[in-house]
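Okay, thanks everyone, let me put the structure up on the screen. I'll go through contacts, then the core, then the pockets and the rings.

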Amino acid sequence: MTSAKLPDQCETMIDVRAGVDQVDRELVALLVRRFGYMDAAARIKTDRGTVRDEARKAEVLDNVAREAEAAGLAPARLRAVWNELVEQSIAYEAAEWDRIRADR
């Protein structure tokens with residue numbers, strides 16, 4: 001498989017779509033890794049009440065907003081995307097926490 005063109009090299013919508021598809025594949029691979037950390041957190045945490053950590057959530061969202069702004073992207077837009085990602089991660093971790101303890 002060849003690499004897709006960089007955005008500024010795209011000349012057709014086929015180029016653009018190939019680039020978007022490649023980025024989506026890369027994002028899925030990164031999300032698999034991120035959710036692997038949720039598996040680890042579910043395994044390590046001894047109290048289900050600690051699965052939701054609002055201070056940590058705020059820290060993650062602030063970190064993303066800073067990174068977005070430094071990269072020239074709208075911080076509020078990426079904060080909204082990450083808010084959903086974090087909420088889905090919390091739900092996943094809670095379900096994994098329950099699953100691990102149900103098997104014992």
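So, valine 60: if you skip the neighbours within four places in sequence, valine 60 is in contact with Arg34, Trp82 and Val86, where contact means heavy atoms within 4.5 Å. Valine 60 sits in helix α2; helices here are DSSP runs of H or I with at least four residues, strands are runs of E with at least two, and the numbering goes from the N terminus. Buried or exposed, this valine 60? Buried, at a relative accessible area of 12%, with buried meaning under 20%, exposed over 50% and partly exposed in between, using a 1.4 Å probe on protein chains only.

Quick housekeeping. This is a predicted model, so local features need pLDDT of at least 70 and side-chain atom pairs count only at pLDDT 80 or more, while totals for chains, interfaces and linings use all residues. Residues are numbered from 1 along each chain as its sequence is written, and side-chain values use heavy atoms, with hydrogens and water left out.

Now the core. Valine 60 belongs to the largest nonpolar core, which has nine residues: Ala42, Val51, Val60, Leu61, Val86, Ile90, Ala94, Trp97 and Ile100. By nonpolar core I mean a set of buried Ala, Val, Leu, Ile, Met, Phe, Trp, Tyr and Cys residues joined through side-chain atoms within 4.5 Å. Two elements give two or more residues to this core, α2 (54-70) and α3 (75-102), and α3 gives the most, with five. As background, nonpolar side chains tend to be buried together in soluble globular proteins.

Glutamate 93 has Met38, Ala41, Ala42, Lys45 and Val51 as its contacts, leaving aside neighbours within four places in sequence.

Points are joined across faces, edges and corners, and volume is the space filled by probe spheres set on them.

The largest pocket holds about 340 Å³. It has 18 lining residues, and the closest to its centre are Arg34, Met38, Arg56, Val60 and Val86. At least two lining residues come from each of α1 (13-44), α2 and α3. The lining splits into eight nonpolar, three polar and seven charged, counting Ala, Val, Leu, Ile, Met, Phe, Trp, Tyr, Cys and Pro as nonpolar, Asp, Glu, Lys and Arg as charged, and the others, Gly among them, as polar.

The second largest pocket is about 160 Å³, lined by Leu27, Leu30, Leu31, Arg34, Val81, Trp82 and Leu85.

The rings of phenylalanine 35 and tyrosine 92 have centres 5.0 Å apart and planes at 85°, so they're edge-to-face.

Key:
On a 1 Å grid over the protein atoms alone, a cavity is a set of points where a 1.4 Å probe fits but cannot get out, and a pocket is an open set with protein on both sides within 12 Å along at least five of seven lines; lining residues have an atom within 4 Å of a point. Rings of Phe, Tyr and Trp (its six-membered ring) pair if their centres lie within 6.5 Å; planes under 30 degrees apart count as stacked, over 60 as edge-to-face and the rest as tilted.
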